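Please find below a note on the model under review. The points are numbered and may be read beside the coordinates.

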Amino acid sequence: MKRTHYCGEVGQAAIGESITVGGFVNRSRVQGSIIFMDLRDITGIVQLVFDETTARELFETAKTVKSEYVLMARGILRERESINKDIATGNVEILVTELKICTKSQTLPYDIHAEASKKANEELRLKHRSLDLRSADLQKNLILRHNLAKATRDYFYANRFYEIETPMFIKSTPEGARDFLVPSRLHRGKFYALPQSPQIYKQLLMIAGFDRYIQLARCFRDEDNRADRQPEFTQIDLEMSFVDVDDVLEILEGYVKHVMKEVMGVEIATPLPRLTFDESMNRYGTDKPDTRYGMEITDLTKIAKQLDFVVFNEAETVRGIVVKGKADSLTRKEIDKLIDFAKGIGAKGLSYIRWIEETPSCSFAKFASPEQLAEICGLLGCEKGDVALIAADKTKAALHILGALRTKVAAQLDITPKDGYNFLWITDMPFFEYNADTGNWDAMHHPFTMPCEDSMQYLDNGEFGKVYAKAYDLVLNGTELCSGSIRITDFELQERMFKALKLTKDEIEAKFGFLIDAYKFAAPPHGGAGIGLDRLAMLLCGAKSLREVTAFPKTKDASELMSGSPSEVDCKHLDELGICCVKED
């Protein structure tokens, strides 16, 4: 028996023909002298029928079939008497004339179908991931991910990018997260690192003259897992020669437009909106804002300092956000919970205005005249029915607190629109970030990022907080999708950056020597980016976790429950690698 059609692609054009399908039994229903089976494959479901015209032996065989058996069935396609509008093949069915049970299934550890599967314990589902992947939702997600990868390659190939693989075993270099290390058997005591990204290699490809590079690169970072993070992930990695910021952003905007149209059928207007890093922080309290809703941060410092209120007077800045029309939902009890949340992330406290009566109630009312309160409300845009939350602190802390509150309140009150794709560029990122633990300034991206021309003056006088970089992030609905920059190609400038980062010559040679040596022989101006394919797929699917778009994901503790990874290795193998074997008593 040879398959002629996929289950979900059987159509009226084949009515009256003998066709053969194969798949899993979704369910089987015996109704007297008739048996109905839903047969499922990757494309969908088709109904099989056995009735009084069916050979008795075949009918008896069909009665033994249970859920998740794998079958092949041959029969005549005919119109259904009762149409099922919920499936694509709901107007046809197959009257089976030949049936082959390929394999039988034991009783499943849990119901894998539809809503029932979502109620199952996640650890149980991950332990039986091959069953979990039979669910329609996960299959739909992984097919979308496939289509996304295909559309990605189609676009970059059409724009003269060359797909080039880079090594998986590399030299360990600092990139922000911990490396996964692989011991070398031939070089005892030495280790390869799995790449956190192909950053250095793609720069070398530009030095080599390949002009435009693309790779769907596997990357690895030994960091704590979150819903939008896995220890291994796929990055759409690219680099371009003879470009500046606008050139890279233009090619990436073309990619966004192409992939949204091809994969989602959605038209995205370009050019995409842009905010500088400072603008984003001042308006949203984060460098990855969700712009589908308001609650933008307002600076109240000037008017707040006029009040005889020590909390405002001693603060570096006073800023606030307004939750429109939610005074009924944000009761005093709920506001107290938000105050506790704010304290939990570093706030000294939180002031508020809740306007539910004719005049607003206010936590600092005794320090403000009616005219001053009216001026604050006017500046905030706070009206009857609204709630204002106000933070007084150092500027960085106040912005962080209000940014976090903005996200929490939007989720708590479910005010984020369910549809819409708000893409946003964040540009002019700080080059340095201060490390309070070491007292040094670290590179926010990596030390090869090109500083903005008007920032160069601050390099030599040590005002590192004023140095900005030709670096950019792409944000979608509050999630960072892409990070990139223009690279330093001037050898002397690169040495100045290393000096600012307090890297010694020995450290530079040990970590980046091969790249520095390559730059000595000239390099075209170049820049690029890395786009999180997994994250993009997650957002396009409307999924809540990367586990929903990853075939075999890790749990929060980086375990893969189905195979039992990571696992212990026998002492003989460890000895070959020069690693001590520690046995438990």
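Is Arg 153 buried, exposed or partly exposed, and what is its relative accessible area? Arg 153 is partly exposed, at a relative accessible area of 30%; buried means under 20%, exposed over 50% and partly exposed in between, with a 1.4 Å probe and protein chains only.

1. Basis of the note. This is a predicted model, in which local features need pLDDT of at least 70 and side-chain atom pairs count only at pLDDT 80 or more, while totals for chains, interfaces and linings use all residues. Residues are numbered from 1 along each chain as its sequence is written, and side-chain values use heavy atoms, with hydrogens and water left out.

2. Overall architecture. The chain contains 18 helices and 22 strands; these are DSSP runs numbered from the N terminus, helices being H or I of at least four residues and strands E of at least two. The C-alpha trace spans about 90 × 75 × 60 Å along its principal axes. Of the 585 residues in the chain, 47% are buried. Among contacts with a separation of 6 or more, 67% are between residues 24 or more positions apart, a contact being heavy atoms within 4.5 Å.

3. Surface and charge. The chain has 76 positive and 89 negative charges, whose mean positions lie 4 Å apart. Lys and Arg count as positive and Asp and Glu as negative, with His and the chain ends not counted; each charge is placed at NZ of Lys, CZ of Arg, CG of Asp or CD of Glu.

4. Arg 153 and Glu 163. There are 36 salt bridges in the structure, each defined as a side-chain nitrogen of Lys or Arg within 4 Å of a carboxyl oxygen of Asp or Glu. One of them joins the side chains of Arg 153 and Glu 163, at 2.9 Å from N to O. Because Arg 153 belongs to helix 5 (residues 136-158) and Glu 163 to strand 6 (residues 162-163), the pair ties together parts that are ten residues apart in sequence. Glu 163 is partly exposed, at 32% relative accessibility.

5. Other salt bridges. Lys 63 and Glu 60 form a salt bridge through their side chains, at 3.9 Å from N to O. The two residues are three apart in helix 1 (residues 56-63), so about one helical turn separates them. Both ends count as partly exposed, Lys 63 at 43% relative accessibility and Glu 60 at 37%. Asp 38 pairs with Arg 29 in a salt bridge whose closest N and O atoms are 3.6 Å apart; Asp 38 is buried, with a relative accessible area of 11%. A network of salt bridges links Lys 202, Asp 237, Glu 239 and Arg 487.

6. Asp 473. Leaving aside neighbours within four places in sequence, the residues in contact with Asp 473 include Trp 425, Met 429, His 445, Glu 480 and Cys 482.

7. Backbone points to inspect. The peptide bond between Thr 270 and Pro 271 is cis, with omega about 0 degrees, and Pro 271 sits in the loop between helix 7 (245-264) and strand 11 (274-276). A cis peptide bond also runs from Ser 565 to Pro 566, with omega near 0 degrees; Pro 566 is in the loop between helix 17 (533-541) and helix 18 (571-576). Arg 160 is not a glycine, yet has a positive phi of about 65 degrees. Arg 160 occurs in the loop between helix 5 and strand 6 and is exposed, at 66% relative accessibility. Asp 428, also not a glycine, has a positive phi of about 50 degrees. Asp 428 is placed in strand 17 (residues 423-430) and is partly exposed, with a relative accessible area of 33%.
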